[in-house]
Amino acid sequence: MRSPIRGLASSDGEEGSARTPLLQSTPRVEAAPACCSARYNLAVLAFFGFFVLYALRVNLSVALVDMVDSNTTLADNRTSKECAEHSAPIKVLHNQTGKRYQWDAETQGWILGSFFYGYIITQIPGGYIASKVGGKLLLGFGILGTAIFTLFTPIAADFGVGALIVLRALEGLGEGVTFPAMHAMWSSWAPPLERSKLLSISYAGAQLGTVISLPLSGIICFYMDWTYVFYLFGIVGIIWFILWIFLVSETPETHKTISHHEKEYILSSLKNQLSSQKSVPWIPMLKSLPLGAIVVAHFSYNWTFYTLLTLLPTYMKEILRFNVQENGLLSALPYFGCWLCMILSGQAADNLRAKWNYSTICVRRVFSLIGMIGPAVFLVAAGFIGCDYSLAVAFLTISTTLGGFCSSGFSINHLDIAPS
């Protein structure tokens with residue numbers, strides 16, 4: 001498939017060679033060892049960065065369950081009593097020293113959704129800024145800003161709903177630049193035949209951050225106070241920023257400890273992939289069918305993913321009637337499956353391309369189909385199972401797990417059609 005964007009690399013080489021996994025002109029050089037390499041060290045630090053990123057994003061979903069006076073929600077919820085209370089009695093009493101707020105379901109929806117109003121604003125500018133100041137600083141300060149705002153969440157809640165909504169929108173502004181910044185860095189660091197593995201490792205941190213932060217937030221709320229959820233994760237974000245600034249370099253050329261062999265391997269593999277065009281080809285981009293397909297795929301997948309990410313703890317409490325401790329653990333289960341699937345699918349995708357000589361477009365399409373259709377089937381099925389708690393959790397887990405295939409599908413196809 002030839003890229004319709006002038007000056008950008010094709011994802012599969014020339015049209016006459018559909019089986020070629022990457023550009024025909026890409027020189028095959030001996031791969032540098034992965035163990036202790038600079039590129040995999042970057043992937044690990046990025047992994048923890050996205051771990052922190054999603055921990056900062058989803059902690060409010062669980063904390064909000066404990067911040068709100070349950071009587072306020074139950075008064076407006078017509079379905080909350082359809083499923084019987086089933087949580088086993090817990091010997092340790094639930095700590096309820098945290099302040100409670102009289103926020104109805106609509107208000108909670110505005111609070112949870114406000115993050116994305118800021119998040120959407122900085123997506124496109126984030127890519128442009130990353131090309132000017134570099135992905136390292138943009139990603140680092142994006143997460144740092146979110147971490148600092150998170151520390152002020154309890155104060156904003158005391159000021160009122162408006163202040164909390166504004167604060168969450170500001171957190172969204174900071175997080176909106178992170179994925180464009182990371183893509184900009186990988187355009188200089190990821191050898192073509194290692195893209196699926198390196199990017200899957202990096203972005204799998206988002207799923208593991210969700211897996212850890214959801215139950216941990218529930219435990220903190222149960223035994224301590226919901227305010228500590230924001231203090232803990234905010235401090236972790238600041239610690240990660242310090243490590244990121246001192247240990248990461250923008251490009252292989254500026255890395256102080258990278259081996260000569262690895263540097264040559266990365267630069268040689270990318271030499272014929274990067275475009276020399278300096279201006280942004282806006283018109284060809286708008287006319288590009290592959291780019292349009294990526295945008296539609298992202299919109300469709302993220303609609304489901306972020307709806308679940310934001311509202312799953314509320315569903316677990318208000319409909320399935322799990323207490324705050326069980327809520328965090330069960331809400332995390334689907335994302336553990338997704339994290340595992342992302343790691344394995346990244347390995348599988350690169351093996352199919354490098355060892356079995358499957359074309360890049362074939363691999364991206366198959367993985368995207370599995371990652372889109374599979375979750376849709378099980379999510380729709382989950383709506384028809386009533387109060388079967390086990391089946392509800394199982395279907396939601398399978399749905400989110402299968403979505404992990406998308407990490408080696410459309411999620412990284414940007415770098416295939418436009419490596420620079």
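**Entry 1. The H8/H9 crossing**

I looked up how helix H8 passes helix H9 in this predicted model, and recorded a right-handed crossing. A crossing is right-handed if the near helix is turned clockwise from the far one by less than a right angle, and left-handed if anticlockwise. H8 spans residues 178–189 and H9 spans residues 195–223; they pack at an angle of about 150°, with their axes 12 Å apart. That angle makes H8 roughly antiparallel to H9. I noted the limits: under 35 degrees counts as roughly parallel, over 145 as roughly antiparallel, 65 to 115 as roughly perpendicular and the rest as oblique. The axes are lines fitted to C-alpha atoms over the stretch in contact, and angles run from 0 to 180 degrees between N-to-C directions.

From H8, I listed Phe179, Met182, His183 and Trp186 in the contact; H9 supplies Leu198, Leu199, Ser202 and Tyr203. Contact here means heavy atoms within 4.5 Å. I sorted the residues of this contact into six nonpolar, two polar and no charged. In that scheme Ala, Val, Leu, Ile, Met, Phe, Trp, Tyr, Cys and Pro are nonpolar, Asp, Glu, Lys and Arg are charged, and the others, Gly among them, are polar.

**Entry 2. Basis of the values**

I noted that in this predicted model local features need pLDDT of at least 70 and side-chain atom pairs count only at pLDDT 80 or more, whereas totals for chains, interfaces and linings use all residues. Residues are numbered from 1 along each chain as its sequence is written, and side-chain values use heavy atoms, with hydrogens and water left out.

**Entry 3. The chain as a whole**

I recorded 17 helices and zero strands in the chain. These are DSSP runs numbered from the N terminus, helices being H or I of at least four residues and strands E of at least two. Of the 420 residues, 53% count as buried; buried means under 20% relative accessible area, exposed over 50% and partly exposed in between, with a 1.4 Å probe and protein chains only. Among contacts between residues at least 6 apart in sequence, 84% join residues at least 24 apart.

**Entry 4. Two buried positions**

I looked up Ser61, which is found in helix H1 (residues 38–67). Ser61 counts as buried at 5% relative accessibility. Beyond its neighbours within four places in sequence, Ser61 is in contact with Leu112, Leu309, Thr310 and Pro313.

I then turned to Ala332, in helix H14 (residues 324–354). Its relative accessible area of 3% makes Ala332 buried. With neighbours within four places in sequence set aside, I found Ala332 in contact with Thr210, Val211, Leu214 and Pro215. The C-alpha atoms of Ala332 and Pro313 are separated by 9.2 Å, the two residues being 19 apart along the chain.

**Entry 5. Aromatic pairs**

I counted 26 aromatic pairs. Rings of Phe, Tyr and Trp (its six-membered ring) pair if their centres lie within 6.5 Å; planes under 30 degrees apart are stacked, over 60 edge-to-face and the rest tilted. Phe222 is buried at 5% relative accessibility, whereas Tyr223 is partly exposed at 37%.

The rings of Tyr301 and Phe305 have centres 5.8 Å apart and planes at 20°, so this pair is stacked. Tyr301 and Phe305 lie four residues apart in helix H13 (residues 289–318), which separates them by about one helical turn. I noted Tyr301 as buried at 15% and Phe305 as buried at 8%. Ring pairs link Tyr301 and Phe305 into a cluster with Phe115, Phe116, Tyr119, Tyr306, Tyr335 and Phe410.
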